[in-house]
Each structure stands twice: as C-alpha cells, then as structure tokens.
Amino acid sequence: MNTTDELEDLIDEALDAMWGPRLAAHLDKALALAIEQGDEPGEYRVRLLIGNNAQMSGDTDKLLSNFAWCLARHDGDPVRFPIEPDEGSDLMWQFKWMAEVLGADPQFSTEQIHGVLDDMEGHYLRANLGLSGVAMARFESAFQNGHVDEARAAYARLASIERDEHSHCDACVRSVSMGYHFSTGDTQQGIKEFGEIMDGGFTCGEEPENAMSLALVPLLRAGGSDNLASMHMRSYREARGNADNIGIIANHIAFCAITGNPARGLSLAERHLAWLAHDPLSHRSHLNFLSALGLLLEKAIAAGHGTVPVRGSDSAMLNQFFGRRDGVLSAAELAPLCWAASDALAADFDARNGNGWHAQLVADRRKMVGESHDLPLGAEAFNSVTPRVVAEPDTSDGWHLRTLDLAAVGQYDAALAACANGVRLGPDPRGLAALHHAAIRIHAQMPGEEHAAALRGAVGSRAAAQRDAGDEALAGLTERTCELLAGPEDAENNAEKLALISRELQAMESHPEALYILNAERAHILMLNGDHGQARSALEAMGAAIAAWETGDAPQATLRRAHAVHSSLMFRLCSEEDDVDGAMAWVEKNLELETSDAHRAAALDLRSRLRAQRGELAQALADAEAATDYLLGLGAREGVARAAQLSAAILQEMGRTEEARARLRFGIQQAQMAESPMVVALAYALAQDVLEHGSPDEAIELLDEAVGNASIEIGDHDRGELYELMGAAMRTAGEPGGALSAWTLGIESFEANGEPVRAAQLHLAASSTYQEAGYLEPAAGEARTALEVLLAAADSGEHDVDPRSVVAARMQLAEAMSLGGVDGAHEAIAAAAALAREADSAHQEAEIQLINARHLFRSGDVDAAVASALQGSSTFERVQGAEQQTVWALLQAAHLLDNAKRHDDAVALYKQVLDALAGDRQGQETVRYQLADCLEAGGRGAEAAAVRADA
C-alpha cells in the first residue's frame, strides 16, 4: 500500500525537526497512525526515526526495540524495507550504535556483543558497504571493555581501511582514539588528536563537547592550563541540556574536584544527579558519574565541608544506586555510597569482561583525591549562611505571631497550620478572635471556593469570639465588613470598601478599637490609590484611636501591636512621598515596637535602602544582612533572594565585587529552590557583572541556565533581555554563531512583546557581527531590516523612537554597503550624515565622517578621505568626553596617508597624535612604533631608529 499523505506529512516534519521530547511525542503519533493504517513500510520509516531520536536523547530501551523490529523487516524483505528509506534514516548506520549500547550494560554478555559485531559485518558485506564502520565499532568495543590487546589490533586495522560513506564521522573517530590514547598512557598522541578535532572544527551529536571534557585533565596535567576554564565552560554549556550526556558531566565534576572548585562541582552534580535514573541501561556512564561524584565529595570533606547537604540525594529514583535513605544526605554521608555503587558496577563489568579494567578506572579516580591544581573556574562558594533557629511556640500568642510571620512571606498553608495550633491551645476570647482574623486574611489570599467558604467560617468564628469577650459592637463590625475588606484590591472593590468604611466610622465613633481597625484599612486603600493627603489624615485618626484605646483595659501586647502597625503604615507613606527623614524616623520607631520577624525584615529592608540613599553603606549592608537572617529563619526563600539582591547592590557600590557576586549566587540558589521568577533578575545582574569583568563564559552559563529554567514562567520582555545579554557574551567569547542565534531568539521575544525598537537594536548587533566576520551581504540585510523596523515604529505613532536610533541604523547600513562595494553606498553615507545633523548628534556625525573617509579611500580619493577623517576629528572635539575619539580620528587620517605611501604627510599627523597623547605613555608607545615604521618606509631610517629608541 502507498503511505497516506497524512503519514507522509508527519514523517517529513520529523525529518526536519530537532531531536528531543517534542520529536518523540510527534513520532509516537506517527507510529500510531502507521499501525492503525496497517502501513508497515511507513511504520519502518517511523521506527528508524524513533531510533535516531532515542540514540540522541539517551533512551536505550527504545533504540534497541525499534532497531530489532526494523532489522527483522529488512532481513525479510530488503526491497520493501530498504537500508535508507529517507535521507538520514539509515539502518546500517544505526548498527554502529548497537555494540556500544550493549557494552554499556554488564547484563549483556561478551558473546552477545561479539555476536552483534559479527552480524553487523555480515550485513555490511551483503549490502556491499565498506567495512570502516565495522572496524571502528570493533575498536571502540574492545577499548571500552578493557580488552587492550584486542583494541590495539583493531586500531591498527582501522587505520588500514579506507574511509567510506558508513565510516564514523571525523569527530567521533578522533574522539574515541583520543580517549583510547589517554587511557593507555599515550597522552601526547591524545593531545594531538584533540588538537585535530578543535583545529579542524569537527562536530557531531556530542562533539566536540565530549572530546573537550575528556581532554581537560590530561591537558591540565601536561601543564596546558591556558583556556581550560573557557573550554570547561563551553563543553559543559553544550552538554548540560541532554541527559544522555551524563558521562560528559561526570568529567566536568572530576575536573572541578581537582582544580580547587568543589563548590562549583557540587552545583553541577546537584543539577544533574537525577540523570542517573534517566537511562537504566547506561551503566558505564553511571559508573563514571558516581566515581566522579565520590571524588568531588571527598574533596569537599577534606576542605571542611563534609556537612554540606547534597540537594536531590533524597530522591527515591536513586534507590538503585544508594539504597533507601531518609532525607537529604550530607557530603560525608553520600561519598561512601557513591564509592560503593561505583565498586559494585565495576565488579559487574569486570566479571562480564574477564578483566579488571573498570575496577582500575575507579581506583584511578580514588587516587585523584590526592591530586590538586590551582585553576579558578568561577566564584561559586558553599553556602555558609546558617538560618536562625526559631523555637516552636508554646502559647497561643506565640502561634498567632508565627501565623502572621508565615502569612507575610506567602507561606499560607503553613500559616493556617500555625493558626490551628494556636486555636487548639484554647486562648482567651480576644486571642481567639485575633487568630481567626489572621485566618480571614490568609483565606482571602488563596483561590478556590474552599477558601472562600473557610473565610466566611472564620468571619463567623471571629465574631463569636468577640461576643464571648463581651464586645457585641466589634462582633457586628466583623460580620458587616470583614469579608469585603479582605477581598480583592481592585478599583471597583476599593471604592466600595471606602464607602463602607466611611459609614462604619460614623457608626463606631465611640469605639477606639473599631476606629483603629477602620482607619488602618482606610489608610492602606488610600495609599494604593495614590491619595497620600487623605491617607495621612486616616493615619492621624488611627493614632488618635490608639491613644483613646490605651485609656481602657486593652492588653499591652495588643496595644504594642497596634502601634507597630501604625508606624509601619507611616513609614510606608513617608517612603511613597519620598520623605526620607520622615520614613527613617518612623522605621526606627517601628523596629522598637515590632515583634514579628517578617515585619522586622520588611522594616530593615526599607531602612537599608534609606541608608544606602544617604551613602551610609556599611549600616545599609548590616540592615540588609539582618533582614536576610530573619527571612532565612522563616524559610522565606523568595524574600531571602530579594534581600540578597539588595546586599549585592550595596556591596557592589562599596567596591566589594567578589562578595557581591557571592550574594547574587546565594540569591539565585534561594530563588531556584523557591521556583521564583526572581532567579531571572538575579542571574541577569550576575551575568552582566561577570561579563563586564571579562568572564563571558560564566555569563553565558548563567544566562543559559536562567532561560532554560522550566520551573518558572519568563515573560517575553525578560526573555528578550536575557537573549540580548547572552548574545553579547557569546560575541565576546568568540562565538559569533552563538551570538547570532541568541539575538534571533531575542528579536522574536521583543517582537512578541511589542517592542520593535529593542528588536531593531538586536538586528543592528547582528549586522555588526556579520560585518566583523566579513559577511557583508547579511550585514547589510540586518541593518536594512533594523532601519525598516524603526521607521515603521515611528510611523505608527505607538512607539517612542529616538532619532539617534534611526541614525545608527542608517550608519550601519551605509558602512556595510561601502565595505561590500554596493552601488548607492555614497548616497547612503550622505543620508546618514544629514540625519545625524538633523538629530543634532555630533558624536554620530563624526563617526559617519570616519565611515566616509574609509569609503573615499577605498574609492581611491585619498585627499578627500583624509579631509573627511580630519573633519571627523574636529567634530569629535565638540563632543564632551570624546577626547580619545578625537585623537583616534586624527590617527586614522595618518593611517590613510601612510597606506597611500604619502609617508612625509603621514609623519606630520603621527607627530600631532603624539602631542595629543601627552600623559598616555602606553598610547604614545604604540603610536611611536607606527611612526617609526612610517619613517622607515619613507626612507628615513635614522629617524626611525631614534623614534624606536624613545619608545
């Protein structure tokens, strides 16, 4: 039968798709359709694609089952089920994976592995295919299973066989050969093969990141530490998104362990610990990961961090490796379990293989515990912050305070449990009413009819407790107002609330506690509405009500709480009015009164910000750290992340950069555990800082992890900003292709968020990157797109487009056209210059004059080119702070004359540049060498020698 159009479309889509879970779901749909239609050739095609995807994503069981089905069909009818029914879907190519797959799990016998290799060779011979792929599979199998003599012979045979269409790719052949030579002691040959991979630009599914991870330790031991940190970052970044790369991650963990980076190693291990359970048949990779983790944990223990918890070690998915465990294990507890699991796997492999190869691999890892190299890979540190010990309350008042604390930091379920504990202790009616009031506020924050009903029940319970306390008037107020006042704070509800409060203030004018409650609510709503004058009046009335209340028999603890609430509203009002002195006075008063840890943290946060505004940075830092301490005690991870961000900003202002980074990393960790979107802002801030200080690889890693965080929802604007910075980091790291990919995603994000100006900026960044790499046609295309986007945005009237942005786009387009020799470049330069003058942008006008100078020089008009460069220098002189650009433009004019072999004229300009650089010894030295070269080219050798001597 013929394959239906529907199935054909699904197969075509799969052929063009990237491997991964989405493709797996797509192929499952295609397979079900093929089976339903009884289309075995179509099913064969789909199953081959499933095998490809399974190999790339680490689903060994699915790979084996689909390969076996396809091989049986092909053997039964090679015409109906051909070797390669679709381009890239090749049954004989998949055969190359089978011996490796079986060898990676000791449950498969040596006889089964050899049988697969013999079967592969037979199929290749019958299909009249070259045997290079078979020879490579035999070599790799022998090497990986420790049959060294057999591997040596297989390697020699491989080298003697001519490559063919079914040979392993250049990257894979060299990577496996490199690993073989490293493992058998021929380090120099391994390093040579690694160099061939990198210099040749060879890539494959997991290459070159796998080769880089394997080469790290041999290169380190050979004394080649240059660029190893960058190589580690790049390899890890490429590998971290695929669970099938757990062996690569293991190599990085071991590298971190011996280079003095145990905190970074633990961070990597925690991110990928669950990958041990991903592929139950990939035990060779499991062995690598477990022994690397054992090494890392031993290093952490030796450094005094044996008590550090290993997040994820409590997962039941890991029981097959570590047995049953209760809770998260420390480094000291997990290390022996890692070694035991490694030893057990090694014993199974060696029993199968009849040698001690895998036991020796584990022993070699154990020896590395005593190996150390000093190579910083980042500034990660073990978390040294110990949460405050918060004793469990033993009174209803204590549980009430705990309820308020937990509710204030958003832990509503825990807050309700604390409230219930307080109620169970049977407090007096007033205490019971306070607990029920807390429950009302909590249920109001929680969605669903269940909580709406619970809120109504709590209103009734509060009113009943108030009646038991003998206060019928307050009970009636509760019943009339509480449900509405606890409701949503939108404009319609707030208007209704204010009207209700106004009526109740008149009705309750002789009841101080009621007036306190009502005025507090009124002040809060008025501040939300931005009506600060009326809010201040409400707070004055609130203060008067408390004063009147104090003349009665209210408990002192209740009155203190009322004063604390009043002072917190007052400092909030002063802060919103930008009254720094007033806010400081009220926050000081609040801290004298406040007994709630959560509210003290909020007050300390504000005081920290106020002190930072005043320049009192040491005191501001102390307050931010104290706030962090309170929030840690409450387990308020998102609040801790926010406080850490504040501490980092203050430390940055104080010039304590490393400490600031440590706070940001701590904040990121807390935000990740809280699954809070705060992680985006923190990661962006840290990435921006490390990029500015020359660590683009670290910046890329931070941003890549943030943008790939599936546990949080990232808005289009934030996603665009992350990709924008990632592109800048990749460009700085010398990865222009990655930069262009990141900016493409950034453009999509900004466009989705309706930000054409930001999208245009990324088009310009892409244009300059293409231009820098010599791809002038796409450079002009990106610049032209940026210009079109900006002009369309300006014409729409919906966006504020800075005229200088349009100038920048025209300037970039003009230069790309000029460099590419495109007709109309001169006119484009003139148009950009006219627009710069119209926008009164002297800096851009000068830059365009330099572009024009280079354009004229390429056109052969040297005099006009030099004149334009000198004009640019004069224009820069009008720009404040552009002294360096002024000199650079003058130097460009000298270069133009020098390159035109008008050396005497150039000498005069070089000397003007030297005069302008007075005081800049390094700049003068550079220019003197250029002047000397110019003098020598002009036949003035003695003068050239004298200038070089001065340099």
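**Ground rules.** I am working on a predicted model in which local features need pLDDT of at least 70 and side-chain atom pairs count only at pLDDT 80 or more, while totals for chains, interfaces and linings use all residues. I number residues from 1 along each chain as its sequence is written, and my side-chain values use heavy atoms, with hydrogens and water left out.

**Entry 1, the negative patch.** I looked up the surface charges and found a negative patch formed by Asp5, Glu6, Asp9, Asp12, Glu13, Asp16 and Glu36. Patches are made of residues with over 30% relative accessible area and no salt bridge, like charges being joined within 9 Å and nonpolar side chains (Val, Leu, Ile, Met, Phe, Trp, Tyr) within 5 Å. Asp and Glu count as negative and Lys and Arg as positive, with His and the chain ends not counted, and I took the place of a charge as NZ of Lys, CZ of Arg, CG of Asp or CD of Glu. The areas come from the Shrake-Rupley method with a 1.4 Å probe, and for residues only the protein chains shown count as cover. Helix 1 (residues 5-16) gives the most to this patch, with six residues; helices here are DSSP runs (H or I, at least four residues), numbered from the N terminus. I noted that Asp5 lies in helix 1 and is exposed because its relative accessibility is 63%, where exposed means over 50%, buried under 20% and partly exposed in between.

I counted 55 salt bridges, each being a side-chain nitrogen of Lys or Arg within 4 Å of a carboxyl oxygen of Asp or Glu. I then looked at the pair Arg138 and Glu121, whose side chains meet at 2.9 Å, N to O. This pair links distant parts of the chain, with Arg138 in helix 7 (residues 132-144) and Glu121 in helix 6 (residues 110-126), 17 residues apart. Arg138 is partly exposed at 26% relative accessibility, and Glu121 is partly exposed at 22%.

I also looked up Arg572 and Glu576, which form a salt bridge at 3.3 Å, N to O, and which both lie in helix 27 (residues 556-576), four residues apart, or about one turn of the helix. Arg572 has a relative accessible area of 23% and is therefore partly exposed, as is Glu576 at 33%. Elsewhere, I recorded a network of salt bridges that links Arg240, Arg264, Arg271, Glu701, Asp704 and Glu705.

Which side chain of opposite charge is nearest to Arg462, which is buried yet has no salt bridge? I found Glu513, 5.4 Å away. Arg462 is found in helix 22 (residues 449-468), and, leaving aside its neighbours within four places in sequence, this residue is in contact (heavy atoms within 4.5 Å) with residues including His436, His437, Cys482 and Ile517.

I noted a cis peptide bond joining Glu207 and Pro208, with omega about 10°; Pro208 lies in the loop between helix 10 (187-200) and helix 11 (209-221). Asp578, although not a glycine, has a positive phi of about 60°, and I placed Asp578 in the loop between helix 27 and helix 28 (580-593). Lys901 is a residue other than glycine with a positive phi near 65°, and its place is the loop between helix 43 (883-899) and helix 44 (903-916). Asp578 is exposed, with a relative accessible area of 65%, and Lys901 is exposed with 66%.

Key. Helix = DSSP H or I, 4+ residues; strand = E, 2+ residues; numbered from the N terminus. Buried < 20%, exposed > 50% of the residue type's maximum accessible area, 1.4 Å probe, protein only.
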